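Please look through the sequence and the structure shown here before reading on. The report that comes after is meant to be read with both in view.

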Amino acid sequence: MAGEASPRVPITRCCVLLGLARSRFYRWRARLGQLPSPQAQDRALLAALIVLLFQIHHERPGRRPMQHLLAGHGYHASLGRIDRLMRDLGLQARRGRKYR
């Protein structure tokens, strides 16, 4: 009914039923309102920049040319990091054709 309070189950009881520690619930609830870590923000920025440069250069640059393109824009990253991000994003450089 409109003014009636809904039945509530205590958090302790829910955690017992789910087989979780109560502290885990409170840790999860505290994380909900937080921003991503600085490393996660940096990774997202680098991934967006890689996708943008990859599209601008017609899907041609591999990891080494991408490293030089990023350095030209003032962003320095290792080859391994660029390779891992490109693989995670599903970006693969197109090879040029031989002239016949």
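## How two helices pack

The model discussed here is predicted. Two packed helices are described by the angle between their axes and the distance between the axes. For H3 and H4 that angle is about 110 degrees, and their axes are 11 Å apart. Because angles of 65 to 115 degrees count as roughly perpendicular, H3 is described as roughly perpendicular to H4.

On the side of H3, the contact is made by Leu46, Leu49, Ile50, Leu53 and Phe54, while H4 takes part through Met66, Leu69 and Leu70.

## The largest nonpolar core

In soluble globular proteins, nonpolar side chains tend to be buried together. The largest nonpolar core in this model has 14 residues, and those that touch the most other members are Leu46, Ile50, Met66, Leu70, Tyr75, Ile82 and Met86. The elements giving two or more residues to this core are H3, H4 and helix H5, which covers 79-89, and H3 gives the most, with six residues.

## Arg60 in a loop

Arg60 is placed in the loop between helix H3 (38-56) and helix H4 (63-72). With a relative accessibility of 42%, Arg60 counts as partly exposed, because that class lies between the limits of 20% for buried and 50% for exposed.

Apart from its neighbours within four places in sequence, Arg60 is in contact with Ala93, Arg94, Arg95 and Gly96. A polar atom of the Arg60 side chain lies 3.4 Å from the backbone oxygen of Arg95. Leu32, by contrast, is 28 residues from Arg60 in sequence and 39 Å from it in space, as given from C-alpha to C-alpha.

A disulfide is a covalent bond between the sulfur atoms of two cysteines.

As for accessibility, Cys14 is partly exposed, with a relative accessible area of 31%, whereas Cys15 is buried, with a relative accessible area of 7%.

Notes
Residues are numbered from 1 along each chain as its sequence is written. This is a predicted model: local features need pLDDT of at least 70, side-chain atom pairs count only at pLDDT 80 or more; totals for chains, interfaces and linings use all residues. Side-chain values use heavy atoms; hydrogens and water are left out. Helices (H or I, at least four residues) and strands (E, at least two) are DSSP runs, numbered from the N terminus. Buried means under 20% relative accessible area, exposed over 50%, partly exposed in between (1.4 Å probe, protein chains only). Contact means heavy atoms within 4.5 Å. A polar contact is a pair of N or O atoms within 3.5 Å; within protein, one must be able to donate a hydrogen and the other to accept it, and residues adjacent in sequence count only if both atoms are side-chain atoms. A nonpolar core is a set of buried Ala, Val, Leu, Ile, Met, Phe, Trp, Tyr and Cys residues joined through side-chain atoms within 4.5 Å. Axes are lines fitted to C-alpha atoms, for helices over the stretch in contact, and angles run from 0 to 180 degrees between N-to-C directions. Angles under 35 degrees count as roughly parallel, over 145 as roughly antiparallel, 65 to 115 as roughly perpendicular and the rest as oblique.
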